[in-house]
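Thanks for coming. I will take this one region by region and keep it brief.

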Amino acid sequence: IMNETHHLEGKERHIFPVIRAGSFPTETSSGKKLLYTDHTAETRIYYALDLGKSYQLIDEDMLEREGWSADRIKEIAGFNVRSLPVEMSKDKVYGNTFYFLSTNDGYDASRVLNEALLEEMKANAEGELALSIPHQDVLIFADIENPAGYDILAQMAMKFFAEGRTPVTSLSFLYEDKKLEPIFILAQNKPKDEGKDE
């Protein structure tokens, strides 16, 4: 697929953002620079042209060839991710509520870029809203109402991260003031010793 020439014109509805680990390559094996945006210290946003059963990451050569700007791609991808359906399963553990988004459409993790969704989850949370992006095909939200919630989320994130086909990060994040702040859970026996750090 990487060797085929794909066009962006007329394919606007098939352009989506994809979340990748911060260590993911920024250029292809043939040296083409991939289009990306920094997201958190742990994650980056790349942009993909959906081809049905697979997708191609958009590189700077494609933009140049078609006369498109990076901003145009980012705007289209942002609009498209906001239009994806949001269906979640829910689980309550030790007084904390966890929501799992996993439609397996290739863009589950990408839904973290839907600010309206994050704001809605924050508004409905009884406690603090945390989330995890362990791999491409799952997004976990956690309504943390007691210290044990952080530890449970950390364990879930690690488990999903280890099992994912396209791992992103085993770290979890607190969502505050429209920003994602990494949470570092200290593995202690006493929940009061767990905390978050910048």
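**Strands, rings and salt bridges**

R44 lies over the face of Y36, at 5.0 Å from the ring centre. A second contact of this kind involves R20, whose charged end sits over the ring of F24, 5.6 Å from its centre. Before I go on, please keep in mind that this is a predicted model.

Staying with rings, the structure holds five aromatic pairs. F16, Y55 and Y107 come together as one aromatic cluster.

Now to the strands. β7 covers residues 128–135, and seven of its eight residues are buried. On one side of the pairing list is β8, residues 138–144, which runs antiparallel to β7 and is joined to it by six bridges. Within that pairing, E128 stands opposite I144 of β8. The two strands form a hairpin, with two residues between them. β7 also pairs with β9, residues 172–176, again antiparallel, through three bridges. There, L131 has F173 of β9 as its bridge partner.

Leaving out residues up to four places away in sequence, D143 touches N96, T97, N124, A125, E126, G127 and E128.

Next, the backbone. Y94 is not a glycine, yet its phi is positive, about 50°. Y94 belongs to the loop between β5 (88–93) and β6 (96–101). Y94 is exposed, with a relative accessible area of 67%. K178 is another residue other than glycine with a positive phi, in this case near 60°. K178 is found in the loop between β9 and β10 (179–183), and I will come back to K178 in a moment.

Side chains of opposite charge can pair when their charged atoms come close. The count here is seven salt bridges.

Take R72 and E12, which form a salt bridge with their closest N and O atoms 3.5 Å apart. R72 is in helix α2 (residues 70–82) and E12 is in the segment before β1 (15–21), so this pair ties together parts that are 60 residues apart in sequence. Both ends are partly exposed: R72 has a relative accessible area of 33%, and E12 has 24%.

Here is K178 again: E115 forms a salt bridge with K178, and the closest N and O atoms are 3.5 Å apart. E115 sits in helix α3 (residues 115–124) and K178 in the loop between β9 and β10, so parts 63 residues apart in sequence are tied together. E115 is partly exposed, at a relative accessible area of 41%.

The side chains of R165 and D137 also meet in a salt bridge, at 3.4 Å from N to O. This pair links distant parts of the chain, 28 residues apart: R165 is in the loop between α4 (148–163) and β9, while D137 is in the loop between β7 and β8. Are the two partners buried or exposed? R165 is exposed, with a relative accessible area of 72%, whereas D137 is buried, at 7%.

Finally, D105, D108 and R111 are linked in a network of salt bridges.

Note on methods
Residues are numbered from 1 along each chain as its sequence is written. This is a predicted model: local features need pLDDT of at least 70, side-chain atom pairs count only at pLDDT 80 or more; totals for chains, interfaces and linings use all residues. Side-chain values use heavy atoms; hydrogens and water are left out. Buried means under 20% relative accessible area, exposed over 50%, partly exposed in between (1.4 Å probe, protein chains only). Helices (H or I, at least four residues) and strands (E, at least two) are DSSP runs, numbered from the N terminus. Two strands pair if DSSP finds at least two bridges between them. Contact means heavy atoms within 4.5 Å. Rings of Phe, Tyr and Trp (its six-membered ring) pair if their centres lie within 6.5 Å; planes under 30 degrees apart count as stacked, over 60 as edge-to-face and the rest as tilted. A charge sits over a ring if NZ of Lys or CZ of Arg is within 6 Å of the ring centre and within 35 degrees of the ring normal. A salt bridge is a side-chain nitrogen of Lys or Arg within 4 Å of a carboxyl oxygen of Asp or Glu.
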